[in-house]
Amino acid sequence: MGATISSVPATARRAAASAFAALAAVVRSLINLLRKGPARENPTFENMDVLGVEKKARSWLQAVQARAKEKQERAEAMRAEAKARAEAAEAAERQAEEELQRKRAAHAEALRNVRRIEWHTEAEKVLAESKRAEEDAKERVRQVQRQAEEDRRNAREAQEAAEAAAREADERARAAKQAHEEAEERLMKGIRPVVVPSREEVEDAKRMLQYREDLFHFAVAGVAGGGKSSLINAFRGLRNSDTTLGVAPTGVTETTLAISRLPDPNKENPFVWYDIPGAGTLKVPYWQYFNEQGLYVFDCIIVVFDSRFTKMDLAILMNCRRFGIPTYIVRSKSDVHIRNTMRDRGYDSDDNKGNRTWRKTLYAETREQYIAETRVNIKRSLEDANLPDQRVYMVSKDVLLSIVKNQNPPPEIIDELQLMKDLLSDAHSQAAEVAAREANERARAAKQAQKEAEEHLKKGVQPVVVPSHEEVEAAKRRVQYTEGLFHFAVAGVAGGGKSSLINAFRGLRNRDTAFGAAPTGVTETTLVISRLPDPNKENPFVWYDIPGAGTMKIKDWQYFNEQGLYVFDCIIVVFDSRFTMTDIATLVNCKRFGIPTYIVRSKSDAHIRSIMRERGYDSDDDDGDRTLRKTLYTEAREQYIAETRANIKQNLEDANLPDQRVYMVSNSVLLSIVKNQNVPPKFIDELELMRDLFSTAHSRRCVPRRSLR
């Protein structure tokens with residue numbers, strides 16, 4: 001409003017200025033007209049009304065001045081009016097401003113009064129709230145102090161408990177470390193943990209075996225092919241051929257597949273003999289042997305072995321010691337072992353014209369050597385297993401049979417009579433009640449151990465482990481693998497005749513040690529891989545004598561990979577009495593790596609002769625019927641070949657392996673062929689084995705085998 005009033009004088013001034021500007025413009029126009037007009041002579045009164053013109057000009061000028069004055073007066077009036085209006089507006093504005101200031105002052109005062117009232121009220125509230133907060137804070141402090149005290153007390157108790165737990169944990173750790181070290185030491189020795197059966201398992205085993213408290217129960221156990229069944233027949237006064245009298249079945253293949261209960265034919269003897277299936281075959285894994293066969297329920301266990309005293313035999317002894325079961329270590333077929341050693345030293349039993357005095361001397365020397373080496377081997381094996389020393393009984397089933405049947409003991413007797421005396425003495429002196437109480441105690445103590453080992457026992461078969469490229473190269477360096485040569489590995493279970501077979505392949509006899517023959521003997525002789533180049537320089541062959549599996553020193557479940565068999569060009573799997581899990585595992589691994597294999601059964605002449613002896617033939621009888629001997633040999637040979645082939649075929653089928661030929665050989669026949677001598681009439685597969693081996697070697701020599709990566 002103030003702005004509108006103040007603008008009126010300015011408008012009037014602008015109107016006056018416009019009027020003056022118009023008047024000035026008219027005057028200038030007139031002046032210009034006068035300047036531009038032509039000069040004429042001064043008019044005369046005759047042609048001009050001077051007074052009239054002057055009068056008009058004065059009138060016009062007066063009119064213009066009057067209008068200008070009027071406009072000026074109006075402008076002055078407008079200026080006065082505008083000024084009055086402006087002053088009135090300014091007065092009203094001052095009045096309004098003063099009213100506004102009074103209202104603002106009243107409002108501020110009222111606001112201050114309200115705030116003073118609110119402040120007092122709020123102050124009272126704040127003071128009350130402050131007091132409550134202070135009380136709450138004090139209570140919280142007291143609670144925190146109480147909680148802190150409780151926490152300190154709990155911390156002290158927890159620390160004490162932790163220290164006690166730490167001490168207990170340290171003690172358990174020390175005990176566990178000691179147990180771990182003991183377990184590792186036992187594992188390095190090849191002895192698996194003892195699995196103790198439960199009370200229910202003991203009772204089930206007794207029911208299955210028809211255990212009777214009033215009888216004494218002998219178990220004859222050991223590795224497959226050790227002669228257990230023949231030994232039981234001799235203990236019971238029976239020959240293997242007495243099939244109508246309840247003899248235990250025998251043969252060159254696995255015959256005992258389940259425990260056989262065989263009461264003693266002599267009713268005065270309260271004995272029961274048990275023929276336990278042999279360990280180490282596909283059907284009876286050795287690591288399940290003691291517990292699966294329920295050996296913990298027997299009153300006495302006779303551990304029988306033939307060629308090698310294995311870790312399975314040691315495991316039986318260790319378990320028997322844990323359970324308090326009397327044991328006897330018996331080496332069977334002593335007459336056969338002595339005769340084989342005599343043959344290696346040049347004796348030929350078929351030579352009827354031989355020197356009898358020399359034969360007796362050779363027999364006596366060989367017998368003493370056999371006894372001494374056997375006892376030393378058993379003593380060393382027991383020491384390695386931390387078992388106490390124990391007598392080993394060396395027997396022959398024929399001599400044992402003569403003693404049982406109360407015949408005069410033959411001159412070939414060794415420990416047969418003493419074994420019978422000791423067995424009968426223990427059997428008659430031991431009470432059945434004591435055995436039952438001990439069995440129950442063993443069952444309770446074994447329950448926990450069984451749970452821990454049960455999973456491992458169920459798995460059984462070790463997985464196939466493929467070596468790395470570095471492991472292959474390291475194995476090649478270790479065996480001195482040479483490109484351009486063909487590398488034969490001869491492998492198998494300990495005591496299978498591998499070293500003798502290699503000597504025959506190389507044209508050497510076992511006694512030709514001066515010419516580099518592989519060492520042989522009745523105890524374990526091959527402890528590391530032996531590299532044996534072929535003596536014939538025209539044959540680019542190298543033969544490797546692989547340590548036998550199944551002994552304390554050679555763990556059979558590590559056999560293939562530990563021996564590095566994956567680097568060889570050909571592997572000959574040799575077995576004597578039984579085709580075992582180790583042999584099957586070797587064939588499976590060879591199939592994985594594409595390595596040619598040959599299955600060879602050694603000592604065929606000795607096996608055939610044993611069958612002939614079972615049929616009544618005596619090679620020492622110089623007056624024997626030659627025609628009968630030839631007939632017996634032919635029949636025994638055919639039986640041996642048929643049973644061996646059927647056994648290998650069945651084992652390969654059970655292992656899901658393709659059928660494969662088995663070569664049955666004799667070292668003496670093989671040696672004759674290698675040395676280009678006349679082939680003896682008693683050869684079987686020796687000639688074909690040599691042809692197939694050398695054909696494979698020459699055909700693959702220049703074709704590098706696929707690298708193992």
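V330 stands opposite Y393 in strand 6. These residues belong to a predicted model, in which local features need pLDDT of at least 70 and side-chain atom pairs count only at pLDDT 80 or more, while totals for chains, interfaces and linings use all residues. Residues are numbered from 1 along each chain as its sequence is written, and side-chain values use heavy atoms, with hydrogens and water left out.

Helices (H or I, at least four residues) and strands (E, at least two) are DSSP runs, numbered from the N terminus. Two strands pair if DSSP finds at least two bridges between them. Strand 5 (residues 327–331) and strand 6 run parallel and are joined by three bridges.

Six strands form an open sheet with mixed pairing, in the order 2-3-1-4-5-6. From one strand to the next, the twist averages 25°. Angles here run from 0 to 180 degrees between N-to-C directions, and axes are lines fitted to C-alpha atoms, for helices over the stretch in contact. Helix 5 (residues 228–235) packs on this sheet and touches strand 1 (216–222), strand 2, strand 3 (271–275), strand 4 (300–305) and strand 5. The direction of helix 5 makes about 165° with that of strand 3. Contact means heavy atoms within 4.5 Å.

**Helix pairs**

Two packed helices are described by the angle between their axes and the distance between the axes.

| Helix pair | Axis distance | Crossing angle |
|---|---|---|
| Helix 8 (residues 334–344) and helix 17 (residues 604–614) | within 12 Å | roughly 135° |
| Helix 5 and helix 10 (residues 397–404) | within 8 Å | roughly 20° |

Angles under 35 degrees count as roughly parallel, over 145 as roughly antiparallel, 65 to 115 as roughly perpendicular and the rest as oblique. Helix 8 and helix 17 are therefore oblique to each other. Their contact is made by D335, V336, R339, N340 and R343 of helix 8 with D605, A606, R609, S610 and R613 of helix 17. By class, these residues are two nonpolar, two polar and six charged. Ala, Val, Leu, Ile, Met, Phe, Trp, Tyr, Cys and Pro count as nonpolar, Asp, Glu, Lys and Arg as charged, and the others, Gly among them, as polar.

Helix 5 and helix 10 are therefore roughly parallel to each other. In this pair, S230, L231, A234 and F235 of helix 5 meet K397, L400, L401 and V404 of helix 10. The contact has six nonpolar, one polar and one charged residues.

**Aromatic pairs**

Rings of Phe, Tyr and Trp (its six-membered ring) pair if their centres lie within 6.5 Å; planes under 30 degrees apart count as stacked, over 60 as edge-to-face and the rest as tilted. By this rule there are 19 aromatic pairs. The rings of F488 and W543 have centres 4.4 Å apart and planes at 15°, so this pair is stacked. F488 in strand 7 and W543 in strand 9 are 55 residues apart, and the pair links distant parts of the chain.
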